[in-house]
Amino acid sequence: MESQDTSRSFLHRCRTSPDRMGVSVLVTLLIGVWCAQALEMSVGKVGVIEALNGSTVLMPCVYSSCIGIKNLYFSWSYNRTEPLCEGLIPMEGIDPHVVILNERVEFVGSSKTSNISIIFKNITFEDAGDYICFGKNPKEKGRNHSATLTLIVVDELREVDNTLTVIIMSVVGGVIGFIVLAMVIKSLVLHILGKVQEKNKECLVSSSGNDNTENGLSGSKADNKATPKA
């Protein structure tokens, strides 16, 4: 009974206040559209980089916004505690003002390509961890956005097992080779059949000519026999 009363009460509110329901739906849609147009930060589809100890690694990060940017603040940090660099992009297409906070870091991005990537030099095992690419667009009234890139430092890079790839390529190559061979055999058979048919036609024509010749000769001989000598 209580559940029935609750459902009736809800239906009654919906019937008596359609304007409120319409406004709430409209607000929800507007929020969804606004979120779709918000600033987005991306470090790639994988989000994990494996690099050799002592090497230099590129840490990619790009941003996008459907509503444009103005005075976009961005930064890179290690495990959200150690700042690496920060910068400000006044407007789209204008080079950012960048401050480097770690001597091993070099900014290699460009606002013309919405790129705020950095290079981290001479990495060590202690540098393994999460690197956060952070962005804040004042046009969004204080909303923060970030993407995390995980760095794994190793002694040597692991060899990629290409066994499955080799098997797939072998199968594909075999199928292609079989198809090509079948096409060659088909072409050869058609060529031989064509030659045989041409030869048969020639034989038929020759046979027909011989028959006509023989018929003509036998007729003339009969005529000669029927003619009396003078």
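**Close-up views of a predicted model**

View 1. Val180 belongs to helix α3, which covers residues 163–226, where helices are DSSP runs (H or I) of at least four residues and strands are runs (E) of at least two, numbered from the N terminus. Together with Leu164, Ile168, Val172, Ile176 and Val184, Val180 forms a nonpolar patch on the surface. The model is predicted, so local features need pLDDT of at least 70 and side-chain atom pairs pLDDT 80 or more, while totals for chains, interfaces and linings use all residues. Residues are numbered from 1 along each chain as its sequence is written, and side-chain values use heavy atoms, leaving out hydrogens and water.

**View 2. An open sheet of 3 strands.** The strands follow the order β3-β9-β8 with antiparallel pairing, two strands being paired if DSSP finds at least two bridges between them. Because β3 (57–59) and β8 (105–107) each have a single partner strand, they stand at the edges, and one side of each is left without a neighbour in the sheet. Between β3 and β9 (residues 118–120) there are 3 bridges, and Leu58 has Ile119 as its bridge partner in β9.

**View 3. The salt bridge of Asp127 and Arg104.** These two side chains meet at 2.9 Å, N to O, in a salt bridge (a side-chain nitrogen of Lys or Arg within 4 Å of a carboxyl oxygen of Asp or Glu). Asp127 counts as buried because its relative accessibility is 9%, whereas Arg104, at 23%, counts as partly exposed.

Notes. Patch = residues over 30% accessible without salt bridge, like charges linked within 9 Å, V, L, I, M, F, W, Y side chains within 5 Å. Areas by Shrake-Rupley, 256 points an atom, 1.4 Å probe, with all protein chains shown as cover. Buried < 20%, exposed > 50% of the residue type's maximum accessible area, 1.4 Å probe, protein only.
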